[in-house]
Amino acid sequence: MRIKLENLKKTYAGAGGTVTAVNDISLDIPENQIFGIIGKSGAGKSSLVRLISLLETPDEGAVYYNDDRVDNLSKKDLIMRRRKLGMIFQNFNLFTSRTAAKNIAYPMEICGFPKEEIDSRVNEMLALVGLEDRGDAPVSTLSGGQKQRIAIARALSTRPDILFCDEATSALDPQTTRSILSLIREIQKKMNLTVVMITHQMEVVRDACDQVAVVDAGKVVEQGKVSEIFSAPKSAVTKDFLSHLAPETSGKDAEEFACWSKEGGEYALYFEGKKTGEPVLSRLAKKFDIEFNIRAGGISHLAEGEVGKMLVDFIGTREEIEKAVAYLKENGVRVEEEK
Ligand code: ADP
């Protein structure tokens, strides 16, 4: 299902006057892809997704699914159309007192599916999300990642043609986030779904999306293929998002990338605050009889300031390396031996 947004506008009346949450947004969202919409808090993402998913009507503009205009449907047609849309949210929105299977069955019950079809579809959906043995588990006993898997199974039970993911991984830890994103990618391919993924995290765009639109102050400031946006960002907002991306100095990709040196001892060095700018390593090489290879490095911008992480090999005698490590520690660099 292709989605076309034409000059969408939505204004809300707030305490301090009116806010134009969506300010003349036009977008083409291709079918059978994962399309990201990224923006900071207050950028207008949720307002935009409420318009695309037909939860609200725009003040101006139009929404098309393929060639059908859908923002001005009659109430009855709107209800039928909305049944073919799946949604998952940050806080899962599951019935915690129901079992996993009963949650998945719920939208099919509302749509009046026959009981046998519901039962077989529930099992099919449980298998799809890798939880075939957890159907009878009350939702309250499941982990966050498992809850989101059940929410995905529920969203897809009625065979929707569009899946909306609204900050779907924001409440999950990085590892669970990765597993949920790879599940969504897998399902998208298997079911030929159009997925619209709303997020404030560039990691989510990097790991899951084919294309992305960057939204700021109710407008699209940049859009394109994820690979293009990452290699040549144009807007200041996009550059800012990319600068906050955690460096991949751990994990499989970083290990492959950094795997060019096998000599010597491997160390992770953490530079905090002002120390990120000091030439500690070059001083180290002058002071001690060691050489070093830099394997990977980057800076994370944290709430408390900047932390630089660098993976290095120190090559030299054990004694010299120990002296060098002690020197680094004296200079406020945290040192961890990796191997
Ligand atoms: P995001 O999802 O990117 O954080 P939102 O779409 O929630 O952004 O909000 C965009 C702007 O619109 C904000 O200034 C917000 O306060 C305002 N807004 C959103 N929804 C409403 C509403 N229902 N009533 C009043 N103001 C709203």
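Let me begin with the cysteines: a search of the whole structure finds 0 disulfides, a disulfide being a pair of cysteine sulfur atoms within 2.5 Å. As a reminder, a disulfide is a covalent bond between the sulfur atoms of two cysteines. C165 is in no disulfide, and the nearest cysteine sulfur, which belongs to C209, is 8.8 Å away.

Before going on, a word on what this is. The model is predicted, with local features needing pLDDT of at least 70 and side-chain atom pairs counting only at pLDDT 80 or more, while totals for chains, interfaces and linings use all residues. Residues are numbered from 1 along each chain as its sequence is written, and side-chain values use heavy atoms, with hydrogens and water left out.

Back to the cysteines. C165 is buried, at a relative accessible area of 1%, whereas C111 counts as partly exposed, because its relative accessibility is 24%. Buried means under 20% relative accessible area, exposed over 50%, and partly exposed in between, using a 1.4 Å probe and protein chains only.

Next, the ligand. Which residues are around it? They are Y12, V19, A21, K40, S41, G42, A43, G44, K45, S46, S47 and R50. A residue is near a molecule if one of its heavy atoms lies within 4 Å of it. By type, the shell divides into 4 nonpolar, 5 polar and 3 charged residues. Here Ala, Val, Leu, Ile, Met, Phe, Trp, Tyr, Cys and Pro count as nonpolar, Asp, Glu, Lys and Arg as charged, and the others, Gly among them, as polar.

By element, β2 (17-29) and α1 (45-52) each supply at least two residues of that shell. The largest share, 4 residues, comes from α1. Helices (H or I, at least four residues) and strands (E, at least two) are DSSP runs, numbered from the N terminus.

A polar atom in the side chain of S46 is 2.6 Å from a ligand oxygen. For S47, a side-chain N or O atom is also 2.6 Å from an oxygen atom of the ligand. A43 uses its backbone: an N or O atom there lies 3.1 Å from a ligand oxygen. Taken alone the ligand exposes 550 Å², and the protein buries 64% of that, with accessible areas taken from the Shrake-Rupley method with a 1.4 Å probe.

On to helix α3, residues 100-110. Its buried residues are A100, A101, N103, I104, A105, P107 and M108. What do they pack against? The answer is α4 (115-128) and α5 (144-156), where contact means heavy atoms within 4.5 Å. After α3 comes G112, with a positive phi near 75 degrees.

Two other residues have positive phi, and neither is glycine. Most residues other than glycine have a negative phi. N93 has a phi near 50 degrees and sits in the loop between β6 (85-89) and α3. R159 has a phi near 55 degrees, and its loop runs between α5 and β7. N93 is partly exposed at 39% relative accessibility; R159 is partly exposed too, at 42%.

Last, T169, in the loop between β7 (162-166) and α6 (174-191). Is T169 buried or exposed? T169 is buried, because its relative accessible area is 5%. Leaving aside neighbours within four places in sequence, T169 is in contact with T177, I180, L181, Q201 and V204.

Terms used. Polar contact = N/O pair within 3.5 Å; in protein donor to acceptor, adjacent residues only side chain to side chain.
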